[in-house]
Amino acid sequence: MHLAYPAVLAVLLFCVGLYGVLARRNAILVLMSVELMLNAVNLNLVAFDVWLRDKLHAGQALTLFTIAVAAAEIGIGLAIVLLVYRNRGSSDVDRLRDLVERPDGTDPNDDLTGGADAAGRPRPDQQAEAAA
């Protein structure tokens, strides 16, 4: 088999994963896209290992390590996403600007606080609504 076939497939998988990381808002889909990118790397490692006829099979050994790291990453990532969803009610990546809670207990990403900023001042769009 030619090396071009798995290499092209790996490039396509990596591009789909990169698009998913850059375009998606849901944290679970972002984690799935990262897994696609890691699988593209694994495919390249195994394909080049077979093509070079390495006697130590270093590409396959690196693939096993990558799979182990990916499993740990997905476990920790899902735990963080579930914790954020439990605390915030959404796993939307765009709404997660910071993960630090304010000392006064207000959530900077929560729209139920009346629209005030950290200093307690109303936002400019709410000032315009109040003036109208």
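This is a predicted model: local features need pLDDT of at least 70, side-chain atom pairs count only at pLDDT 80 or more; totals for chains, interfaces and linings use all residues.
Visitor: What is the mean pLDDT of the chain?

Guide: pLDDT is the predictor's confidence in each residue, from 0 to 100. The chain has a mean of 82, and 73% of its residues reach 70 or more. Confidence is highest in helix 1 (residues 4-23), at a mean of 96, and lowest in helix 4 (residues 124-131), at 55. Helices here are DSSP runs of H or I with at least four residues, numbered from the N terminus. Local features need pLDDT of at least 70, side-chain atom pairs count only at 80 or more, and totals for chains, interfaces and linings use all residues. Residues are numbered from 1 along each chain as its sequence is written, and side-chain values use heavy atoms, leaving out hydrogens and water.

Visitor: Which residues of helix 3 are buried?

Guide: Buried means under 20% relative accessible area, exposed over 50%, and partly exposed in between (1.4 Å probe, protein chains only). In helix 3 (residues 58-88), the buried residues are Gly59, Thr63, Thr66, Ala70, Gly77, Val81 and Val84. They pack against helix 2 (27-52), where contact means heavy atoms within 4.5 Å. After helix 3 comes Gly89, with a positive phi near 85°.

Visitor: How is a pair of aromatic rings described?

Guide: The distance of the centres and the angle of the planes describe such a pair. Rings of Phe, Tyr and Trp (its six-membered ring) pair if their centres lie within 6.5 Å; planes under 30 degrees apart count as stacked, over 60 as edge-to-face and the rest as tilted. The count by this rule is one aromatic pair. Phe48 and Trp51 form an edge-to-face pair, 6.0 Å centre to centre with 85° between the planes. Both lie in helix 2, three residues apart, about one turn of the helix.

Visitor: Why does Phe48 count as partly exposed?

Guide: Because its relative accessibility is 35%.

Key. Helices (H or I, at least four residues) and strands (E, at least two) are DSSP runs, numbered from the N terminus. The expected span of a helix is 1.5 Å times one less than its number of residues.
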